[in-house]
Amino acid sequence: MTSVLSVRDIVKRYRGVTALDGVSLAVRAGTITGLIGPNGSGKSTLFDCISGFQRADSGSVQLDERTDLTGMAAVRIARAGVRRTFQQLKVFARLSVLDNLLASAQAAPGYSALAESLHLPGTRRHERAMRERALQVLAEIRLAPHAASPAAALSYGQKKLLELGMALMSDPKVMLLDEPVAGVNPALIEDLRRELVRMPARGVTLFVVEHNLQLVFDICDWIFVLDRGRLLTAGTPDQVAKDERVIESYLGHG
Amino acid sequence: MNRRTAAFAAAGLVVLAFPLLVQSPYLLHIAVVTGIYVVLAQSLNLVLGYCGLLSLATPAFFGIGAYVATLLALRAGWDTAATLVLAAAGGLVAGVAIGFPSLRVSRHAFVIVTLAATLLLQLVALNWEDVTRGSLGLPNIPSARFLGFAVVERTQWYYAAAFAATCAVALTGLIVHSRFGRAMLAVRDDEQLAAACGIDAFRTRLFAFCISGALAAVAGALYAHFITYIDPGVFGFSVTETLHTMVILGGAGTLWGPVAGAVIFTALPEALRLTPELRSLIYGAILLAIVLYQPRRLLG
């Protein structure tokens with residue numbers, strides 16, 4: 001099975017504090033892969049380094065074992081097919097729910113600000129297709145009734161759903177989800193879970209950071225455990241659940 | 001929807017019939033200035049309203065447009081259709097020159113660089129006397145002449161200005177209702193999320209800034225042909241104050257808000273004949289109120 005993401009020897013230091021100390025891992029295509037570890041173990045930093053929001057001090061990241069993402073700007077990594085969400089939930093608050101989805105599918109090939117501004121025929125066709133797609137995604141995440149309302153008006157859980165829908169709109173190869181169900185009530189967690197497990201069938205590989213371990217062990221095919229900037233262990237949910245070091249690391253400096 | 005259409009039709013009729021209703025040359029003069037302000041307001045609206053960037057370069061673009069058009073008309077006797085195009089091109093180039101280095105750095109750097117550019121250009125206009133005659137200014141600018149058709153009468157000027165204002169609104173509408181417009185709003189709302197969506201904040205802002213530059217330069221060119229005299233004062237900041245009031249209070253980031261703002265804040269002081277001192281006082285109070293009650297608008 002091929003790796004959609006190959007991370008090699010990523011090191012990231014902040015003024016003497018080593019956040020990531022030579023992390024190497026591979027996320028296999030078509031899987032839901034989890035990344036767990038206690039607070040401060042470097043999970044979000046690793047996501048930042050993969051997605052170009054922070055630059056690693058050394059190490060490399062490859063997409064599909066072909067494209068070298070190392071040192072690329074975040075925008076270009078996103079366009080290459082790596083879509084991330086943020087620990088601090090982000091939506092375009094003042095745009096409508098529908099426009100949030102459309103903005104998320106913005107980076108289509110051949111996009112030209114001038115052509116778009118002049119509403120050239122090709123752009124209209126594309127816009128229509130995107131609008132249809134967005135309405136379909138809205139229906140899937142059950143936000144269709146809110147299409148026209150500003151994203152700011154949604155509840156927290158609905159924003160989480162929207163965030164996922166936005167990620168889906170951009171047709172990524174891999175999604176880096178930073179705590180997709182944090183702070184969401186149990187009923188909505190179920191909705192989110194249902195969406196998450198459908199992603200591989202949609203051709204999207206998931207790489208998930210999540211503190212809700214029950215969910216992680218439930219949906220993931222493979223789990224990596226980080227501890228203090230190093231990869232502690234990795235394996236199937238069963239293997240990781242039995243690993244004493246994992247429990248220790250969670251209890252050890254909690 | 002019907003009411004909206006009716007309101008627009010009524011407004012359109014008033015705009016068309018205005019010279020018939022009002023014979024006063026003074027009021028027509030104010031109306032022409034208002035039209036030019038609408039163009040300027042949309043220029044600022046693109047950057048301030050839709051990109052959420054504080055730009056102090058509007059006078060720079062305005063001045064460039066005024067000088068480019070003036071020099072081409074005075075020295076080379078060019079037709080106004082051509083001087084307007086060249087003025088717009090000047091604004092576009094200035095937009096790249098100012099925006100390219102500054103938009104990459106930070107929003108704060110952008111504010112400072114736009115301010116510096118305006119001050120610098122004013123200095124150039126003051127000191128490059130061979131070309132600009134410095135503070136003496138350039139008088140006797142020919143009135144507009146489009147492809148041989150002279151615009152001399154105030155009524156003719158009125159319709160020319162109304163046409164320019166309409167074009168500016170239409171252009172802005174076209175831009176903001178496109179996918180590019182959505183990119184601008186996305187970048188304004190959350191730059192990081194925009195990046196995660198693959199939207200290049202720098203390019204988006206640069207493009208908007210250049211269009212804004214071209215619009216303001218066209219306004220400057222129209223102003224020069226209408227007033228028939230310019231001096232380095234066209235780079236001055238008195239216009240910026242008024243303009244920010246128009247856009248922010250009219251409704252930055254909306255299509256018609258700045259139009260309403262331009263009309264109200266040109267007409268009101270004239271109609272009520274407020275003293276300049278009082279105007280400054282009100283302006284200050286209003287700006288303070290905005291900073292206090294809607295700080296996200298400007299600082300977001």
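Visitor: Which residues in α2(B) meet α7(B)?
Guide: This is a predicted model, by the way. On the α2(B) side, the residues include B:L28, B:V32, B:I36, B:V39 and B:L46. They meet α7(B) residues, among them B:W157, B:Y158, B:A161, B:A165 and B:V169.

Visitor: What's that contact like by class?
Guide: The contact of α2(B) with α7(B) has 16 nonpolar residues, six polar ones and one charged one.

Visitor: And at what angle do the axes of the two helices cross?
Guide: Roughly 15°, and the axes come within 9 Å. Angles under 35 degrees count as roughly parallel, so α2(B) is roughly parallel to α7(B). The crossing is left-handed.

Visitor: New topic: where does B:W78 lie?
Guide: B:W78 is in the loop between α3 (58–76) and α4 (80–103) of chain B.

Visitor: Why does B:W78 count as partly exposed?
Guide: Because B:W78 has 18 C-beta neighbours inside 10 Å, and a residue needs 20 or more to be buried, or 12 or fewer to be exposed.

Visitor: What is B:W78 in contact with, leaving aside neighbours within four places in sequence?
Guide: Those contacts are B:L72, B:A73 and B:T83.

Visitor: Zooming out, how many helices and strands does chain B have?
Guide: Chain B has 14 helices and two strands. Its radius of gyration is 19 Å, close to the 19 Å from the globule rule for 300 residues, so chain B is as compact as a globular protein of that length.

Visitor: How much of chain B is buried?
Guide: Buried residues are 47% of the 300.

Definitions and conventions: Residues are numbered from 1 along each chain as its sequence is written. Chains are lettered from A and ligands numbered from 1 in the order in which they are written. This is a predicted model: local features need pLDDT of at least 70, side-chain atom pairs count only at pLDDT 80 or more; totals for chains, interfaces and linings use all residues. Helices (H or I, at least four residues) and strands (E, at least two) are DSSP runs, numbered from the N terminus. Two residues are in contact if their C-beta atoms, placed from the backbone, lie within 7 Å. Axes are lines fitted to C-alpha atoms, for helices over the stretch in contact, and angles run from 0 to 180 degrees between N-to-C directions. Angles under 35 degrees count as roughly parallel, over 145 as roughly antiparallel, 65 to 115 as roughly perpendicular and the rest as oblique. A crossing is left-handed if the near helix is turned anticlockwise from the far one by less than a right angle, and right-handed if clockwise. Ala, Val, Leu, Ile, Met, Phe, Trp, Tyr, Cys and Pro count as nonpolar, Asp, Glu, Lys and Arg as charged, and the others, Gly among them, as polar. The radius of gyration is taken over C-alpha atoms; the globule rule is 2.2 Å times the number of residues to the power 0.38.
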